[in-house]
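Good morning, colleagues. I would ask you to keep the model open on your screens while I speak.

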Amino acid sequence: MVSTVDDLGLERATGLIGAWVCNFELGAPGNPARSGTLLRALSEHGVLFFDFGRAPEAAEYTEFAGLFGNVQAVFGQQVKNQDEDAVPLIDSRRMPMKEHLINRWHSDGGPLEVPPLAAILTPYELPEAGGDTMWSSMYAAYDALSPTFQAMLDGLRIVNNNKLASFLEPKEHIHPAVVRNPVTGRKCLFYNPNYTECFVGLTDTENDVLCRFLTEHINTPEFHVRLNWKLGYVAVWHQQVTQHRGVADFTGPRKLKRLTVDGAPLIPANG
Ligand SMILES: [Fe+2]
């Protein structure tokens, strides 16, 4: 029997972004139809939330991530084995949010020629309060612009690099300012405050004004969903359809494990 998005028992988290997947058990056998259904839901909703009731074991976490594509341990590297240590840890003590620009809107791998498709995140240790993660819908951000502004952005390209992130190996790539999701056919704003240095062909003044406007625009609450983490929650987000940020309002340790899956070449707005 062909599985459909309806089989996942989706409950929308907000009006514009995010859905809880209520009909899915950790360890459920994967198959191409199931993966296709999950990937369609991910493209439609931008971020999927799961409540497995307990923190997943390393092997089952990697297996779960594999439902969404080819799993990378870190960008560009394959998972060598399924040891606990193979899964990268986002540890607030080793990677303070503010110093690592985690509490600013971004999508991961922005300066790469082919950014990862999705990230999978789950907590292993949480502060007593705070430390939420937020996502912003880049469908909603694009759709809220006037047709005239959309047409201008559709034809622009952006320089994405990690000059602000001195802890990363320097990388730069030129991307479309707007990309099209191949599953839904919808357009997404691909400008990214952490990684977009400028728009190709604009003057410094034009760039300054446009970047400030888009950074503010992404921060519109109607485009957002926010997760207050509990052990056993897993979030999966689409890196082109959404941007994300942490909320640096906590003290004490905060440890999450993140996996990423390979992306495909970006499709420009009019491609
Ligand atoms: Fe990130």
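The largest nonpolar core has 56 residues. By a nonpolar core I mean a set of buried Ala, Val, Leu, Ile, Met, Phe, Trp, Tyr and Cys residues joined through C-beta atoms within 7 Å. Buried, in turn, means that 20 or more other C-beta atoms lie within 10 Å of the residue's own; a residue is exposed at 12 or fewer and partly exposed in between, with C-beta atoms placed from the backbone. The residues with the most contacts inside this core are Phe-68, Ala-118, Ile-120, Val-178, Cys-188 and Val-236. The core draws at least three residues from each of domain 1 (5-136 + 224-261) and domain 2 (138-218).

Two remarks on conventions. Residues are numbered from 1 along each chain as its sequence is written. This is a predicted model: local features need pLDDT of at least 70, side-chain atom pairs count only at pLDDT 80 or more, and totals for chains, interfaces and linings use all residues.

Let us take one member of the core, Val-178. Which residues is Val-178 in contact with, leaving aside its neighbours within four places in sequence? They are Tyr-142, Leu-153, Asp-154, Lys-187, Cys-188, Leu-189, Phe-190 and Ala-269. Contact here requires that the C-beta atoms of two residues, placed from the backbone, lie within 7 Å.

I turn to the domains. The assignment gives domain 1 (5-136 + 224-261) and domain 2 (138-218), with bounds that come from an automatic or database domain assignment. Taken over C-alpha atoms, their centres are separated by 23 Å. Across the boundary, 21 residues of domain 1 are in contact with 24 residues of domain 2. On the side of domain 1 that touches domain 2, the elements giving two or more residues are α1 (32-45) and β16. Of these, α1 gives the most, with 4 residues. Helices (H or I, at least four residues) and strands (E, at least two) are DSSP runs, numbered from the N terminus.

Strand β16 brings us to the sheets. An open sheet of 3 strands runs in the order β14-β8-β16, with antiparallel pairing; two strands pair if DSSP finds at least two bridges between them. Its edge strands are β14 (224-227) and β16 (242-246), each pairing on one side only. From one strand to the next, the twist averages 20°, where axes are lines fitted to C-alpha atoms, for helices over the stretch in contact, and angles run from 0 to 180 degrees between N-to-C directions. Strand β8 (residues 133-137) pairs with β16 over 5 bridges, and Thr-133 stands opposite Gly-246 in β16.

Within strand β8 we find Trp-135. Is Trp-135 buried or exposed? Trp-135 counts as buried because there are 26 C-beta neighbours inside 10 Å. Its contacts, apart from neighbours within four places in sequence, include His-224, Val-225, Thr-242 and His-244.

A second open sheet, also of 3 strands, has the order β10-β9-β13 and antiparallel pairing. Here the edge strands are β10 (172-176) and β13 (196-199), and the twist averages 25° from one strand to the next. Strand β9 (residues 157-161) pairs with β10 over 5 bridges, with Arg-157 opposite Pro-176 in β10.

Strand β17 (residues 255-261) is mostly covered, since 5 of its 7 residues are buried. It pairs in the antiparallel sense with β6 over 3 bridges and with β7 over 7 bridges. Lys-255 in β17 is the bridge partner of Asp-91, while Leu-256 in β17 is that of Pro-123.

The loop between β6 (89-91) and β7 (118-125) holds Leu-101. The phi of Leu-101 is near 60°, a positive value in a residue other than glycine. Leu-101 counts as buried, with 20 C-beta neighbours inside 10 Å. Trp-105 is found in the loop between β6 and β7 as well, and counts as buried with 21 such neighbours. Among the contacts of Trp-105, leaving aside neighbours within four places in sequence, are Ser-136, Pro-193, Gln-243 and Arg-245.

Finally, helix α2 (residues 58-65). Tyr-61, Thr-62, Phe-64 and Ala-65 are buried there. They lie on the same side of α2 because they cover an arc of only 160° around the axis, the arc being that of the directions from the helix axis to the C-beta atoms.
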